[in-house]
Every structure is written in C-alpha cells, then in structure tokens.
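Subject: Structure handover

Hello,

Here is the structure you asked about. My notes on it follow below.

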Amino acid sequence: MPDRPMIEIASVTRTYGKFNALDDASLSIRPGEFFSLLGPSGCGKTTLLRMIGGFDTPTSGTITIDGQPMLGIPANRRPTNMVFQSYAIFPHLDVEQNVAYGLKRLRLDPAEERRRIDEALAQVSLAGFGKRRATELSGGQRQRVALARALVMRPKVLLLDEPLSALDKKLREQMQVELRTLQKAVGITFVLVTHDQYEALAMSDRIAVMFGGRIAQVAAPKDIYQRPVNRQVADFLGGMNFIQAALVGENGTAIEVETMGFGRVTTPKPAQWSGKGGAVTIGIRPERLRVLWDQETARHELSGTVVDRHYFGEITHLVVAIPGMDAPLSVTETNDFGADDIPVGAQIRIAYEPDALVAMAD
Amino acid sequence: MTRAPRFLGINWLALYVTLYVVFLYLPVLLLPLFSFNDSAVPNFPLSGFTWKWYEGLLTTPAMLDAARNSAMVGVAAAVTSTLLGICAARAMTRYRFRGQKPMSALIMAPLVLPEIIIAVALLLVMLRLGLQLSLLTVVLGHVLICVPYSVTVLIAGFEGFDRSLEEASTDLGETAFGTFRRVTLPMVAPAIVSSLLVSFTISLDEFILAFFLTGTDATLPVYIWGQLRFAARLPGVLALGTIMLVLSFVLLTIAEIYRRRAARRANVDGGLLA
C-alpha cells in the first residue's frame, strides 16, 4: 500500500493521576514527511513524541508505526531514533564512538561499520571530527553528533525533541535550513517537537498545533498560518487582529458577515463551525494590512490615526485607531518606504484584500 | 587583579596568610625532617641523614601486623561505605521523596558529632550485643564515619547525570544491562574510585574509633599511640608517621583528580555549556 501512513496515532490518551497530558489525540503522519508538533509547554507534544519513541505508554489508544502496532514494544526495539533536547551525547566517548554506539549491537562487518559512520558524519558536516571528545564540541556540533548517531541507525522515523532550543538565534536559523535539507536528502520521516512557531513554519510539511493535551489543528504551514481554526491557534502562530462580526448569511462552504470597519465580508466557513448564528470572530494578520502613500489608492481601504508605534529594524508595528471599530488595528509595514518615519498622531490610510480576512471559532 | 589594600605600608592579608600556612603545616613538616635525622632525640641541630628508622620499621613484626590490619580495615570500610553511599547518592539524585532533607542530614551528621561520643556509644552497643571486639567492629565504626564522605563525593558524581543518557542508549537499541555496562558504569566510575580512595584514607588515619573498638589487633594509629610511651621508639614513629602522611596525601590527590573528572563528565551533557 503506497498510501499507508508511517505513523498512525489513534485516540491516544495519557493521564498522570488526574491530569490529562494527552486527551484523545488522533493523527496520521505520512512516509517521508517533515511533521511538527507545535504548542506551548505542557500541551502534550513531548508526551506524544516520547510515546512514539517508546519512552512512555498510552493510557489508552494505539500507536502504529509502518503498519506495526507498537503496544508492548520497548524503545530499544522500535524503528525510531531520537534526538534529545539535551542531545545526550555520551561524554565518556569520542564523536566516532558516539555515532558507532548503536551500530555495535548490529555486529556489522568492520568495513561496513566504518563506511556507515563516515557517511553519517559527512551527512551532518562533521567529517574529520571523529576523534574529538564531547567536551571539545560546541552546542551546534554536539547537536550534529546527536543527529548522526540517530541517522546512522537508518530509522523509519526520526524523533526530534526541541533540538534547536539550546542554540543561539543565528545558529538556530542556519540549523533549520540544514535540518530541512538533510531530511529531504535522507527521505526519513521526521517528527519534530517545538514551541517556536517560526521554526515549525520554516521546516515542516505539516504542523499539528496542540493545546492542553488536545490537537487543535493539523495542516500545512501556510494553511495553519492563514486559516487558523480558532483564536488560540491564530494567536499562537503570530500577531492577529481579531474583529467582532455578526452573521448575516451562509451557504455550504462560505459565510457572510457584517463587521465593524471592514463592512460586509464573505469568507470560507471555519473548520470548527458550530452552525449557530450570531457573533463570529474575523481575523486579519497585521502584515496583510498595508499603508497607502500620498496619491496611492486601493479598492479596499480604511483610514485612521496612528496611536502607537514599535520599531523592529526591518519592520515597524503601527497601532492604528479606526473610527467605528472598538479596538485599534495592528499594522506591520516593512521600512523600505519609510514606515519608520510615520509619527504617532498621523492620519493614514490602510489597504487590505478581503480574502485575507478569515472567520474562526472562538 | 586588584592590588591588596595596604595599611602602614604592610600587606596584612599576605602576612596573615603566611602565618596561617606556617602554623598549619610547619609542625607536620617537622615530622619527615626528624625521621631522616641520625639521632634518637628530635632536636636541632640535625646530626646527619639516615634511612635507619625506616629500615627498622621493616624488621618490627608488630608494626607490620598493624599495617596489615589497617589495610584490611581500610579496604573493608571503603568498599562497604562506597556501596552504601552509591545507594544513598542514587536515591538522592534521582528521586524526590518525603523526608529527603532530614535523611540527608542524618547521613551527614557523623561529620560533626564528637568522635569520642560516637566511639563510646558504639562500644556500649557492641558490648551489649555481645559482639567480640575485633577488626570487624572497627570496620563497622569506620563505615559510620566514612559514609558521609562517600555520599558527598558520589552525589557530586551522580548529580547532573542526565537521565536522557540512559534513554539515548535504550533508543539506540541497547538493553537495560547493556546500558548500565556501557553508559551508567563508565559515567559514575570516577566518582566511585574517588569515594573508595577517600574512605580508605579516612579509615587508615582514624584513631579514636579504632582505639575503642578494636580488640587485641592494633591498626596503625593505635600502634603509634602505643609506641609513644617509649622515648627510644620515637624516631620509628616519626618514620611511620611520614609514610602515612605521604600515603594519605597521594591517595587524596588521586581521589580529587577522579572527583573532578566525575564532575566534569556530569556537567558536560546538561546542554548548558552550549
């Protein structure tokens, strides 16, 4: 079966005493996919990852990897390998011995073992570092060792527990690109746990956003970002202007709402649509609002007063009060045309595209 | 570096440190000095260099017996207190449990209790229990005072031992026993060696408990105490004292090297040095 999922999580619940770490989670991860579990700390993402790896057991529900049920199979016999948050490099061994650790049990022909170690070290750009000790490595290098040590086992699934959280910003961004490239090269299914939405957006094929032990939404990065199912997901993934609206009409796939400021808008029906009439929340990302200069006009525009501004180097956040709206709008503008020179109190006009407005559940 | 403050043109801190060190170590250094002096009376001026007091030790059967007793007691006490220490240190670093703080205080208490009180109490209990005073009772006493040192050294080695190291080993296909053999044991070995050396040294040098709890078999400090009554034997005692001093110094230095190695290993994988 070509379309068999690599990992099938079916109604998995994990309770610790009275606490539900994971509550009826179901998920299907495809072969060769770069999949991220994204959420704040305590949302159950690490619990789920550890259960896939065999370091924790579901209270109920089943986990299947490549068609094989994982119930009762301990971590050391699973087709998964893990990159731990602390990297867990064996400090009493050198780089090569770390990478060879799991291979030793396979009792390979020495030449074959040598070849696989060299290959793994080359994959993570650590060729020539074999004899270094863990104490002599930088954080980034130790992370590469952890990667090589797991990849050399040729697992069906590589599990990564917040692998970039200990690195500084620059190195983190570099490693995001490298991890993504590496994953495409080896073709192994990657499951990444992270609380950093930019990391998840930058690297993943698909993302599962989790809150309080539940999976809120599973989708590709762009869909998650542009079409969040509810306010919580929208908020977690970045800035969002929330606008109260009243439902005026609906058909099978779309709803029509009357908003403050934006007038009457038609948007796709949110996934978690209760079907009941009344109040609806509409959102628009701050970067989807654009400042209009001098004579410039747009089909859809608003005008208002700048009440606050925050400078971030390449961009400026403007807080704009719009007459007739109960809350000011956040507008993110790149500084290429001088948005950083707009003073507080200035009257400005803002352009938007109606399809950037998205309806969502509360 | 800031310069030390001066008052009346004198660096008082340096003076204080010098006096302190002299007071602490000069008497101890006199011991080896006179042990090589060719005179039965430890007095200046020195009268000439000799090895004869050391040679004399080798032909003193009572001294050799005492040395053998000390070695046996030391090894037994070191092994026992390290085994107990491993259990306690593992429990205290791996788990959080009720009564942990009081428990740890109780284990450390022998460090500050007057040794003579412990000795008298142990003597009473052992006699009550009908135990024959022997090297075994000395070992029991020494274990009591060695455990705090063992636990201190071992906790330093176990602390920061990242649980995920064992998980990583399992993840890479290793069994529970294989993980213990290939990861846990090599990681904590330096701390264990350090604990063995420290407790052996403490047992070797310990006098009061040995004096109270031994039967007819003397350990080295007890033997030295016995010899002090005879003025003529003093140079021999100085020679023996010098040997014990050097041995203790060497053992504790090695123990410290291992302790630091253990601490370094434990620290490196916390991911905090990244």
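Two residues are called in contact if their C-beta atoms, placed from the backbone, lie within 7 Å. By that rule, and leaving aside residues up to four places away in sequence, B:Val143 touches B:Ala77, B:Thr80 and B:Ser81.

This is a predicted model: local features need pLDDT of at least 70 and side-chain atom pairs count only at pLDDT 80 or more, while totals for chains, interfaces and linings use all residues. Residues are numbered from 1 along each chain as its sequence is written, and chains are lettered from A and ligands numbered from 1 in the order in which they are written.

B:Val143 sits in helix 6 (residues 135-158) of chain B; helices (H or I, at least four residues) and strands (E, at least two) are DSSP runs, numbered from the N terminus. B:Val143 counts as buried because 23 other C-beta atoms lie within 10 Å (buried means 20 or more, exposed 12 or fewer, partly exposed in between, with C-beta atoms placed from the backbone). Between the C-alpha atoms of B:Val143 and B:Ile192, 49 residues apart along the chain, the separation is 15 Å.

On the interface, 25 residues of chain A are in contact with 20 residues of chain B. On the chain A side, strand 6 (80-83) and helix 4 (139-151) each supply at least two residues. Helix 4 of chain A gives the largest share, three residues.

Residues 12-34 of chain B are 100% helix and 0% strand, with end C-alpha atoms 32 Å apart. For residues 234-255 of chain B, also 100% helix and 0% strand, the end C-alpha atoms are 31 Å apart.

Regards
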